[in-house]
Amino acid sequence: VKKADAAGAPLSVGVVTLNRPQRGLIYRLLLESGAGLEAHPTCKGSLRRTPISGRDVSGDPPLFVESIDRIQGEERGTIFLSTLLAPRAGEATVDLETLDHLEEEEDSDDEQVSRRTPRRRRAPSARHYSTLSHAHGHRLLNVGITRAVETMRCYIHRECPAPGPHDARPGRRAFGWLCRTLLKRPSPCGCASCKALAARLAPTLGTGGDSDDDDDDVSFAA
C-alpha cells in the first residue's frame with residue numbers, strides 16, 4: 001500500500017488462503033491493521049485503499065482475500081499465499097490430521113462477510129471439507145499458486161507439516177511437495193519417481209527469513 005501510494009501507481013494485490021476460516025481471519029485483520037484499507041463498496045468480500053486526498057484508487061482492482069476454492073479466474077500483480085498451518089501456543093508440532101478438520105462452522109468468520117456464492121447452512125457441529133483433502137484439492141491448490149501476474153510471496157511456518165509424497169489424497173500430496181519445496185526439505189521417499197519430481201521442483205526462490213526484503217519469495221512465521 002505504501003509503495004503504491006509513493007509511486008502513485010495502482011495497487012494490484014490478492015491474498016490466497018487454504019480455507020475459508022483463515023480467509024475470514026485475514027480479511028478482518030487487514031481491516032483492523034491501520035494500513036489504509038476499507039471494505040470495497042461494490043465487490044463484496046474484497047478490500048480497497050481508502051480514498052483520501054492525494055490518493056487515486058480509480059485504477060485499483062479489488063484487493064481480494066479468498067480461499068483457493070473461490071478464486072478461479074482472478075489474477076493480481078502480487079499474490080500473498082498463506083499456507084495456514086502452525087503449532088498452537090505451547091505446542092511444537094502440528095498433527096497432520098489437522099488438514100482434515102479445518103472447515104468447522106463455528107470457527108469460520110465467513111458468515112460475517114458477504115459471500116459471492118450462497119452456501120447451505122449446516123448444524124454447528126458439522127464439518128465442511130478441508131480444501132486440501134477434497135477430491136480435487138490438487139487442482140484447487142494449482143489455481144491458488146498460479147494467480148500472480150508478477151510476484152508471489154508465500155508465508156509458511158518452519159514446522160508446517162508436509163503430507164507424504166504417496167498420500168492417497170492428491171491435494172494433500174501436492175501440498176506436501178509445496179511445503180518441502182518452500183522449506184527446502186528432502187523427500188522422505190527415495191523412489192525414482194520422487195527423486196525425479198524433487199529435481200523438477202528444485203526452487204528458484206529468495207533466501208526467505210523474517211525480513212521484508214523484496215527479494216524474498218518465502219517468509220517464515222514465528
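## A friendly briefing on strands, helices and cores

Strand β3 and strand β4 (residues 63-67) run antiparallel and are joined by 2 bridges. The model you are looking at is predicted. Its chain holds 5 helices and 9 strands, and 42% of the 222 residues count as buried. Here is a short tour, topic by topic.

**Overall layout**

- Reading from the N terminus, the elements come in the order α-β-α-β-β-β-β-β-β-α-β-α-α-β.
- Take the contacts between residues at least 6 apart in sequence: 63% of them join residues at least 24 apart.

- On the β2 side, strand β2 (residues 37-39) pairs with strand β3 (residues 46-49) in the antiparallel sense, over 3 bridges.
- In that pairing, L37 sits opposite R49 of β3.
- The hairpin of β2 and β3 has 6 residues between the strands, and G45 in this hairpin adopts a positive phi near 85 degrees.

**Helices α3 and α4**

- Helix α3 (residues 137-144) packs with helix α4 (residues 170-183) at an angle of about 40 degrees, and their axes are 6 Å apart.
- Because of that angle, α3 counts as oblique to α4.
- From α3, the residues making the contact are G137, H138 and L141, while α4 brings P170, G171, A174, F175 and L178.
- Sorted by class, this contact of α3 with α4 has 5 nonpolar residues, 3 polar residues and no charged ones.

**The nonpolar cores**

- The largest nonpolar core has 21 residues, and V16 and F175 touch the most other members.
- Elements giving two or more residues to this core are β5 (76-82), α3, β8 (148-157) and α4.
- Helix α4 supplies the largest share of this core, with 5 residues.
- Leaving aside residues up to four places away in sequence, V16 touches F64, E66, I68, I71, I79, F80, L81, S82 and G144.
- There is also a second, separate core of 10 residues, with V13, I26, L47 and L63 among them.
- As background, nonpolar side chains tend to be buried together in soluble globular proteins.

**Residues to find on screen**

Key: Residues are numbered from 1 along each chain as its sequence is written. This is a predicted model: local features need pLDDT of at least 70, side-chain atom pairs count only at pLDDT 80 or more; totals for chains, interfaces and linings use all residues. Side-chain values use heavy atoms; hydrogens and water are left out. Two strands pair if DSSP finds at least two bridges between them. Helices (H or I, at least four residues) and strands (E, at least two) are DSSP runs, numbered from the N terminus. Axes are lines fitted to C-alpha atoms, for helices over the stretch in contact, and angles run from 0 to 180 degrees between N-to-C directions. Angles under 35 degrees count as roughly parallel, over 145 as roughly antiparallel, 65 to 115 as roughly perpendicular and the rest as oblique. Contact means heavy atoms within 4.5 Å. Ala, Val, Leu, Ile, Met, Phe, Trp, Tyr, Cys and Pro count as nonpolar, Asp, Glu, Lys and Arg as charged, and the others, Gly among them, as polar. A nonpolar core is a set of buried Ala, Val, Leu, Ile, Met, Phe, Trp, Tyr and Cys residues joined through side-chain atoms within 4.5 Å. Buried means under 20% relative accessible area, exposed over 50%, partly exposed in between (1.4 Å probe, protein chains only).
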